[in-house]
Amino acid sequence: MVNPNSSDTFNPQDSASDRTIITTEERDGQRTEVTDNLDQLLDIFPEELREKLQKHPAKDSIIEVVLDLGRFPEVRLPKKAEYLSETPISREALQYTIDRVGNFGGDNRAGIERTLHRISAIRNRHGEIIGLTCRVGRAILGTVGTIRDLVESGKSLLLLGRPGVGKTTALREIARVLADELQKRVVIIDTSNEIAGDGDIPHPAIGRARRMQVARPELQHQVMIEAVENHMPEVIVIDEIGTELEALAARTIAERGVQLVGTAHGNQIENLIKNPTLSDLVGGIQAVTLGDEEARRRGSQKTVLERKAPPTFEAAVEMLERQSWVVHVDVAQTVDLLLRGQEPQPQLRTMTESGEITITHQRTTRPLPQMLTPVSPELDERRPQGWRASGRMQAIPSGNGGATSSEFERMLDRTWGQVQDENAKVRTPGPNGEEWPVYVYPYGVGRSQLMQAIELMNLPVVLTKDLDGADAILALRSQIKNHAKLRTLAKARQIPIHPLKSNTMPQIARVLRRLAGLDDFSEGDGDTPDLRLFSANGSDDEIEALEEARLAVEQIVIPKGQPVELLPRSSQVRKMQHELVEHYRLQSDSFGEEPNRRLRIYPA
């Protein structure tokens with residue numbers, strides 16, 4: 001709980017719990033709400049309508065007044081709409097209202113000078129106005145308290161929400177807070193004069209922020225760039241980013257280090273991802289083809305959607321209701337999770353009537369768009385699970401890790417500046433007095449096979465590329481015969497050469513065991529070869545076939561001296577069985593026709 005008498009600046013991460021409650025600053029015990037001269041809006045209506053609006057019991061809650069030619073006048077309230085009169089609107093009454101507002105621009109919007117009210121026109125095919133939507137403009141102080149931490153962080157902030165939920169009101173208050181309370185240079189791009197009101201003098205609700213008007217709506221992107229180039233702002237405020245040019249201009253501004261605060265058409269981030277015109281605001285998406293291994297690791301298809309670039313807006317707010325907002329502190333992480341078919345975990349911030357702000361961290365239960373549907377459950381099971389995979393694992397604060405940090409520093413001080421001799425050999429005595437590990441110089445032998453054999457059998461052998469530091473040379477028998485230089489170098493350095501009959505795992509394992517001083521398998525010593533050395537990929541079928549050959553040799557061929565026929569196998573598996581039989585120093589051959597071709601093992 002934050003002190004109610006303190007400023008409403010807060011950091012949601014300060015609380016270790018999953019639920020945080022903050023009390024915003026209050027003025028005279030109540031949140032201050034300023035309504036911009038509602039009487040000035042009522043003065044534009046004919047006398048009969050004006051009187052009914054002034055006497056309306058919910059006058060202070062009016063959202064819009066709708067006048068359509070030949071239809072009953074209508075007043076819209078937060079939860080309902082009702083007719084003001086049973087007399088249809090005449091052309092004269094409509095013209096009376098039109099004459100008392102400013103000029104309508106290219107976006108069919110007008111206003112009343114130095115107010116925040118907005119009058120929008122509906123025209124017929126001949127360009128004549130046949131309907132008006134008169135929206136009440138209000139400047140409400142304190143609405144920014146819900147996201148005060150994001151405003152002060154300097155991150156670019158995007159507001160999303162349905163029409164009438166209060167995006168422009170919040171945008172106006174954010175501009176005032178940034179200009180007056182945070183002392184930043186703020187420029188508002190006011191295309192429809194909706195943020196700072198109609199007329200040349202901006203409304204006091206924007207504070208010290210400056211306002212740039214736009215001659216025509218299609219020129220908004222040019223005015224955005226002009227504001228950055230000419231007026232050196234620290235913050236640019238934009239209402240209703242709706243075209244690709246405006247999205248591109250917003251990215252250009254963000255890349256110049258200017259903080260952006262704007263609104264866009266869409267209720268949720270998913271709407272922007274699916275919108276090709278505005279998807280660049282959240283980084284854009286592109287199709288990427290993954291490699292086989294990466295696709296298996298992710299448990300996804302080979303062609304997936306990924307974020308193309310860093311988002312223009314680093315944080316986003318989905319305004320569900322006027323007092324209930326969903327906050328995405330890291331838009332990049334949210335987009336990445338959505339594209340991978342996972343659920344983001346945004347903050348749900350709500351403000352009560354008493355001014356308390358409640359922050360909850362919860363999983364979203366809304367359905368994902370069709371293009372972002374997760375993969376099948378069978379594939380999803382292979383994904384990493386737990387706190388790390390969900391993105392909720394947080395770094396340990398530096399203040400809590402003092403002991404570990406100091407211990408690491410001591411270890412670093414001890415090792416810093418020490419020079420290790422690359423040729424120095426680290427030796428430990430083996431069980432029979434051998435010097436381990438054995439340094440082997442491979443020549444013409446697959447290094448990956450050697451490493452695999454060393455790891456599988458846990459042999460005390462180290463592969464080296466330095467011939468002078470090697471204890472032995474391991475080479476194929478054919479390589480030794482054909483390369484006299486190798487024999488000359490080995491003789492000059494007195495390094496023994498151990499030949500390999502073939503570049504197979506059993507042969508490699510046998511020679512490596514001999515080099516390490518370990519007893520190789522011999523008849524009657526009770527040792528059992530590691531079948532993994534003979535298997536290509538370690539599948540159950542391969543291990544089963546090798547186990548069949550091993551039992552045949554150890555239980556029938558060697559003790560009873562009888563030949564044995566194995567079950568039919570594929571050519572690749574039969575090759576593995578041949579190598580295993582050779583390990584026992586026995587003979588074998590394949591006979592029969594495919595697919596019944598099988599192995600026969602003969603006694604010595």
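This report describes salt bridges and nonpolar cores in a predicted model.

Residues are numbered from 1 along each chain as its sequence is written, and side-chain values use heavy atoms, with hydrogens and water left out. Because the model is predicted, local features need pLDDT of at least 70 and side-chain atom pairs count only at pLDDT 80 or more, whereas totals for chains, interfaces and linings use all residues.

**Salt bridges**

Side chains of opposite charge can pair when their charged atoms come close. The structure holds 29 salt bridges, a salt bridge being a side-chain nitrogen of Lys or Arg within 4 Å of a carboxyl oxygen of Asp or Glu.

In what follows, helices (H or I, at least four residues) and strands (E, at least two) are DSSP runs, numbered from the N terminus; buried means under 20% relative accessible area, exposed over 50%, and partly exposed in between (1.4 Å probe, protein chains only).

Glu-64 is buried at a relative accessible area of 9%, while Arg-76 is partly exposed at 33%.

Asp-468 is exposed, with a relative accessible area of 55%, and Arg-493 is partly exposed, with 35%.

Glu-547 and Arg-550 both belong to helix H18 (residues 540-560), where they are three residues apart, about one turn of the helix. Glu-547 is partly exposed at 26% relative accessible area, and Arg-550 counts as buried at 12%.

Elsewhere, a network of salt bridges links Arg-148, Glu-152, Glu-173, Arg-176 and Glu-181.

**Nonpolar cores**

A nonpolar core is a set of buried Ala, Val, Leu, Ile, Met, Phe, Trp, Tyr and Cys residues joined through side-chain atoms within 4.5 Å. The largest has 33 residues, of which Ile-189, Ile-236, Ile-269 and Leu-281 touch the most other members. Elements giving two or more residues to this core include strand E11 (186-190), strand E13 (235-241) and helix H8 (269-274). Apart from it lies another core, of 28 residues, among them Val-165, Ala-179, Ile-188 and Ala-196.
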